[in-house]
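I kept them in the order in which I looked.

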Amino acid sequence: MNPITQTLDFGDGKAITLETGKIAKQAHGSVVLRQGNTMILATVVAAKDAKPGTDFLPLSVDYQEKFAAVGRIPGSFMKREARLSDYEILISRIVDRAIRPLFADDYHADIQVNLWLLSSDPNIKPDALVGLASSAAICLTDLPFNGPISEVRVAKIDGQLVINPFISDLERATLEFIVAGNAKDINMVEGECNEIGEEEMIEAMKFAHAHIKKQIIEIEKFVEKVGKKPTREYKHEESDEELAKLVHEFAYQKLYDIAKIPTGKDERSSKFDAVFEEYKATLSEEDLAAKAGLAKKYFSKTKKEAIRTMVLHERSRLDGRKLDQVRQIWCEPNYLPMAHGSSLFTRGETQALASVTLGSKLDEQLLDSPMNQGYSRYFLHYNFPAFSTGEVKPNRGPGRREIGHGNLAQRSLKRMLPIDNPYTVRIVSDILESNGSSSMATVCAGSMALMDSGLPVSGGVSGIAMGMISNSKGEYAILSDILGDEDHIGDMDFKVTGTANGIVGCQMDIKVDGLSYDVLVEALKQAREGRLHILGEMNKAIDKPAADFKPFTPRMEMMEVDTEFIGAIIGPGGKIIQQMQKDTGTVITITEKDNKGIVAVSSANNEGLQAAMRKIRAIVAVPVIGEVYDGVVKSIMPFGAFVEYLPGKDGLLHISEIMWKRLETMDGVMNVGDKIQVKLLDIDSKTGKVKLSRKALIEKPAQQ
């Protein structure tokens, strides 16, 4: 066993070591990455041949965190790692989006990349390292991969840009992006920020790319040590240059002319399909049987070329819009009568219905993964049913796409929430129609639904999807608010979300080499104009939070108490808190934070909520000498009565303090359960015993 290692040390105290040849040697490529006590195993295996009829890259990337990595046993019933969590899927997507464009276009054999978190340093985030590990492992194989690539996290902390900051520092970050790229260009960006400007975002991307280039040099040195394998020979596509030429000559101008005339999605699709049917009619039955599949592939390439050329030359879009024009928008807040907050957002042929539900601490989401343990009281769920695109598909729950799109919207809308928000907030976005950027429609609909709910949010958030078409001559067109077809044929999908003050989130995938920062700056500025226009349309429908919650929305109030009172509020076996909830129709929760108890009371009935708050205030009230209290007689003694003047707090009302007249006996003076007013006369500093008086509240008779 002769393991080979390469250390990436750039003098920042975050040295990374790559190692191969020690474990997982039957994989086609395997690397163990280590930084501090974090260890990630990356393995790559690829099938030798493509499956018949496959015309795409069947690449799967699975990132999984082992509970042993953090010294924990899974909390699930099965006590073992199960399906990937949303967090693991999001990290898998980050790697997939960075490496997928760099495989050869004509390679169609199955590729599987597995990434395991074997050991975890509590102060190191592994999601900034998996791209580096997977890239190194792929480069050790014979796959046709135009790498290496690498990924880093860039954050601005205390005004300084930092690469792969420690977890302990990230809380102070004002921007946080994961950036991926090769030695020439960046090809993937995802992250969030605090209302920053476009220039600041570009600065962060350039800073990240400079570090990525350093890592790529070290990966190349590592591969050279191991020995670079020659690229495998393969033939996954049939070709017929004569057929390609015939299809192009027959269809190109027809497709160009169709693309030039503004139409709707369905009409345009029907016209394109009709051209292909015309071409098939020119083929003999023998040629049709033998070449229909290949002809369809060449027809799709010709259609893509025709549309792209039309956009570049005509400076117009498939639906007739200008390059920077946003589709027509209409919005309707408060669409659902019984939701705590809701809105309907429609932009062109894309429509999102968003709902907001406000809950208590009992509604928090349990997080149980190695790197994410605890509870979340804010989450967004994005649903993309097949009917939104006029298709028939079984409902199988959210896929990776839905989880990724929902995450971008969730991170963007998080910036709206008040810092001291006491509620658990669930946003649901159901896509009812889709033709381009339903994730950005989710941001817009979710923003308005939050305002409609009455939560005191900071302001509106809008989002826009940008695209780009370019050619080898240096010509390019930046497209605002892209259609589904434009996303499919374009070179860039760049989603930007923001408020009136700046950018709060982004997700970018670049499908072409050589995107300059000048073009990126232009795209960001055009995006700003577009999202501000969209925000303006949203503001016409609702521009500030509703003045009050809906009548059926649970109200919530919070109270900070000393921890010594928590037991008194709960009572023996929870008796007191349970009775309070039953009597007042409320939900009461208690948490501890910074050596204080945080009591939260929620109810849709404000009267019940206030009643519960009064009871809790009484329990935690500190007795004050000279104060008058409404008490209840708890027991009668020969020398007086014990009176509960505050919940759980009794004091002695001596027989001599009941009235000005001298009493010889307690018989008939008062009964258990009587409600009386008493004044607190004294508290014994040693024993804590309380002395009460009733006669102090009665005017003294003149003869006495």
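I began with Ile464, which I found standing opposite Val496 in β20. The model is a predicted one, in which local features need pLDDT of at least 70 and side-chain atom pairs count only at pLDDT 80 or more, while totals for chains, interfaces and linings use all residues. I number residues from 1 along each chain as its sequence is written, and side-chain values use heavy atoms, with hydrogens and water left out.

Two strands pair if DSSP finds at least two bridges between them; the strands (E, at least two residues) and the helices (H or I, at least four) are DSSP runs, numbered from the N terminus.

Most residues other than glycine have a negative phi, and most peptide bonds are trans. Glu195, in strand β10, has a positive phi of about 50° although it is not a glycine. At 35% relative accessibility Glu195 counts as partly exposed, since buried means under 20% relative accessible area, exposed over 50%, and partly exposed in between (1.4 Å probe, protein chains only). Asp481, in the loop between β19 and α10 (484-489), also has a positive phi, near 55°, and at 1% relative accessibility Asp481 counts as buried. The peptide bond from Gly147 to Pro148 is cis, with omega near 0°, and Pro148 sits in the loop between α2 (130-139) and β7.

I went on to helix α5 (residues 241-260) and checked its length. At 1.5 Å a residue, its 20 residues should span 28 Å, and the end C-alpha atoms are 27 Å apart, which agrees; the expected span is 1.5 Å times one less than the number of residues. The helix bends by about 40° at Ala251, the bend at a residue being the angle between axes fitted to the seven residues ending there and the seven starting there. Ala251 is also one of the buried residues of α5, which include Leu243, Val247, Tyr252 and Leu255. What covers the buried residues of α5 includes α6 (265-281) and α7 (285-314).

How far is a polar side-chain atom of Thr424 from the backbone oxygen of Ser360? I recorded 2.7 Å for that pair, where a polar contact is a pair of N or O atoms within 3.5 Å; within protein, one must be able to donate a hydrogen and the other to accept it, and residues adjacent in sequence count only if both atoms are side-chain atoms. Thr424 lies in strand β17 (residues 424-433) and is buried, with a relative accessible area of 3%. Leaving out residues up to four places away in sequence, Thr424 touches several residues, among them Thr357, Leu358, Arg377 and Phe379.

The hairpin joins β14 to β15 through two residues; β14 (residues 365-369) and β15 (residues 372-376) run antiparallel and are joined by five bridges, with Leu367 having Gly374 as its bridge partner in β15. Pro58, in the loop between β4 (38-46) and β5 (59-65), is buried, with a relative accessible area of 16%, and, not counting residues up to four places away in sequence, touches His108, Ala109, Asp110 and Ile111. Asn334, in the loop between β11 (329-333) and β12 (341-347), counts as partly exposed at 40% relative accessibility. Leaving aside its neighbours within four places in sequence, Asn334 is in contact with Ser342, Ser343, Asp452 and Lys550.

Technical notes
Contact = heavy atoms within 4.5 Å.
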